[in-house]
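Here is a short briefing for a reader who is new to this structure. Look at the sequence and the model, then read the points by topic.

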Amino acid sequence: MKKRSYLLPLMLGLSISLMSQNPAFLVQGQSLKKDSLLLDIALLEKALVDIHPGVYRYNTPESLTQHFADLRAAVKDGMSEAEWMRTLAQTVVKIRCGHTYLNPWNMPRSLRKRLFGGDIYFPLGFRIIEGNFYVTHNASEAADIQRGAEILSINGVETQVIYDSLFTIAKSDGHNSAPAAYYLSLKNFTTYSWQAFDLYHQLFFPMETSQYVVSYRNFGDESIRTEKVSALSKQQREDRIRERYGEEALQTKFWTFEVVNDQLAVVRLGTFAIWNWKDFDYKVWLKDAFHQLDSLQIPNLIVDIRGNGGGLSDPKDELLSYIISRKLTCEEAGKILVSTTRVDTTLIPYIDTWNKAILEGIPEGDYERYDDKWYTLKESGCKDVEPQERRYGGKVFIFGGPSNVSATFDLLYKAQRFGFGQTIGATSGGNKQGINGGDYCFFYLPYSRMEVDIPVKYFAPAATSPDEGVEPDVEISISQEDIATDRDPHLEYVKTLIR
């Protein structure tokens, strides 16, 4: 990560100034009154302290109290919805939990329309590497902006300042900031996705017009160029990406199986969040893929989970059953801890959840007191994974990195602990000290109508672990040249190794 810029306070001040200069265009939403926001803050603070099992893992009671005192001070004169969302996100991220954040899907549609429904979307996809923004896709009218170009500034604001600003809302587990650059990159262009850059860039740096002024430098060219490009609607951007790059650029095919040659095959699993996939049986899909590998006797397999932020554990375990050589038992499994066995009744009107037990009260026989902070759930949170009779016997290479924060973090962690595959890529997200998840309380702030996801369970490791993600067995970095030439250095490494 680059050194923090001293220009940040100045640029944030400029952004606030612009809000007042041109309110007709700038996306600010409705005005929120101080008293209403203070009530929301009080409810959220109570909910986090009562429900969140990791609220004091990276904060002391005193530091958390101070975070909320700072939030109260920030709303002394009331705020617009845009200012409130930005400021609230900066507070919530201090919990240091990758599963605790403002969830745009759970905001009222009317609120999303006010803040994000217009022609505000940046037309260039980009990947952030070491603080630098490199273009991956161009949906603008400026054909001279090439793949691999470095974006130097947007609307006169240096990208380093933009990154430093957005970093303050980038969620992480513990002090593992490896996922931040990936989280803030603009990489998915479907209308049903929500990208952090789309949500928050406008909240930090409101536009004065419906155009972006982009300064950039194409790969291999030292000259700096400037182009004006039109801001797009979400649908316009998706349509242009599809037209120019094909359906595959929209990443709608999350699971693919490819036989590269008689020596190598690739299983790409882009997500484990498959609960809404109709007519899809992950067990049948994996069985077919691995039976093909067995029939063709392909000796090398890549399991590519780059971009996979997790989801369900079951497909991960099913995958493991085809690539492990011995049973993975739960002897070293950690504990599942909760802060409360029943939510305070005063909070229930503001909560939605798929597991009503946390509202009604977890049955007494299902938990026991762990210490003065937590209860232990008697469910193990783990199941033994048995190797398939027709398991894969070749070499396994697992491509991973900063996007792997939940079930895929666990996959990388197990690969290193049990040695069933070589991990290749960059430091993962997640944290070896354990992550929060499982069940959630979707907490709706009644006055501002924002929503914060609050996980209920803490999956604690069995032994003391460092505050870090998973370091790969083989580290491979993506360069500007790799992006410009559409080269995959991970794949090239394995091909070279096989040769």
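In which helix is the place of Lys316? Lys316 belongs to helix 11, residues 313-323. This is a predicted model, where local features need pLDDT of at least 70, side-chain atom pairs count only at pLDDT 80 or more, and totals for chains, interfaces and linings use all residues. Residues are numbered from 1 along each chain as its sequence is written, and side-chain values use heavy atoms, with hydrogens and water left out.

- Helices (H or I, at least four residues) and strands (E, at least two) are DSSP runs, numbered from the N terminus.
- Lys316 is buried, at a relative accessible area of 5%.
- Buried means under 20% relative accessible area, exposed means over 50%, and partly exposed lies in between (1.4 Å probe, protein chains only).
- The Lys316 side chain makes a polar contact of 2.5 Å with the side chain of Asp410.
- A polar contact is a pair of N or O atoms within 3.5 Å; within protein, one must be able to donate a hydrogen and the other to accept it, and residues adjacent in sequence count only if both atoms are side-chain atoms.

**Cavities**

- How many cavities of 30 Å³ or more does a search of the whole structure find? The search finds two.
- A cavity is a set of points, on a 1 Å grid over the protein atoms alone, where a 1.4 Å probe fits but cannot get out; lining residues have an atom within 4 Å of a point.
- Grid points are joined across faces, edges and corners, and a volume is the space filled by probe spheres set on the points.
- The largest cavity holds about 50 Å³ of space.
- Its lining consists of Ile120, Tyr121, Phe122, Phe197, Asp198, His201, Gln202 and Tyr212.
- Helix 8 (residues 196-204) gives the largest share of that lining, four residues.
- By class, the lining of the largest cavity has five nonpolar, two polar and one charged residues.
- Ala, Val, Leu, Ile, Met, Phe, Trp, Tyr, Cys and Pro count as nonpolar, Asp, Glu, Lys and Arg as charged, and the others, Gly among them, as polar.
- The second largest cavity has about 40 Å³.
- Its lining residues are Gly400, Gly401, Leu412, Thr423, Ile424, Ala426, Val470, Glu471 and Pro472.
- Five of these lining residues are nonpolar, three polar and one charged.

**Aromatic rings**

- The whole structure has 25 aromatic pairs.
- The centres of the Phe204 and Phe205 rings are 6.4 Å apart and their planes are at 35°, so this pair is tilted.
- Rings of Phe, Tyr and Trp (its six-membered ring) pair if their centres lie within 6.5 Å; planes under 30 degrees apart count as stacked, over 60 as edge-to-face and the rest as tilted.
- Phe204 and Phe205 are both buried.
- One aromatic cluster is formed by Phe254, Trp255, Phe272, Trp277, Phe280 and Trp285.

**Charges over rings**

- The charged end of Lys171 sits over the Tyr101 ring, 3.7 Å from its centre.
- Arg417 has its charged end over the ring of Tyr413, 5.6 Å from the centre.
- A charge sits over a ring if NZ of Lys or CZ of Arg is within 6 Å of the ring centre and within 35 degrees of the ring normal.

**Positive phi**

- Most residues other than glycine have a negative phi.
- Asp279 has a positive phi, near 55°.
- Asp279 lies in the loop between strand 10 (264-269) and helix 10 (282-296), and at 86% relative accessibility it is exposed.
- Arg449 also is not a glycine and has a positive phi of about 70°.
- Arg449 lies in the loop between strand 18 (435-444) and strand 19 (451-460), and at 43% relative accessibility it is partly exposed.

**Buried residues and distances**

- Val338 is in strand 12 (residues 335-338) and is buried, at 1% relative accessible area.
- Val338 and Ala415 are 77 residues apart along the chain, and their C-alpha atoms are separated by 27 Å.
- Leu64 is in helix 3 (residues 61-74) and is buried, at 2% relative accessibility.
- Leu64 and Gly220 are 156 residues apart along the chain, with 48 Å between their C-alpha atoms.
- Ile145 is in the loop between strand 4 (132-138) and strand 5 (150-154) and is buried, at 3% relative accessible area.
- Ile145 and Gln297 are 152 residues apart in sequence and 45 Å apart in space, C-alpha to C-alpha.

Conventions:
On a 1 Å grid over the protein atoms alone, a cavity is a set of points where a 1.4 Å probe fits but cannot get out, and a pocket is an open set with protein on both sides within 12 Å along at least five of seven lines; lining residues have an atom within 4 Å of a point.
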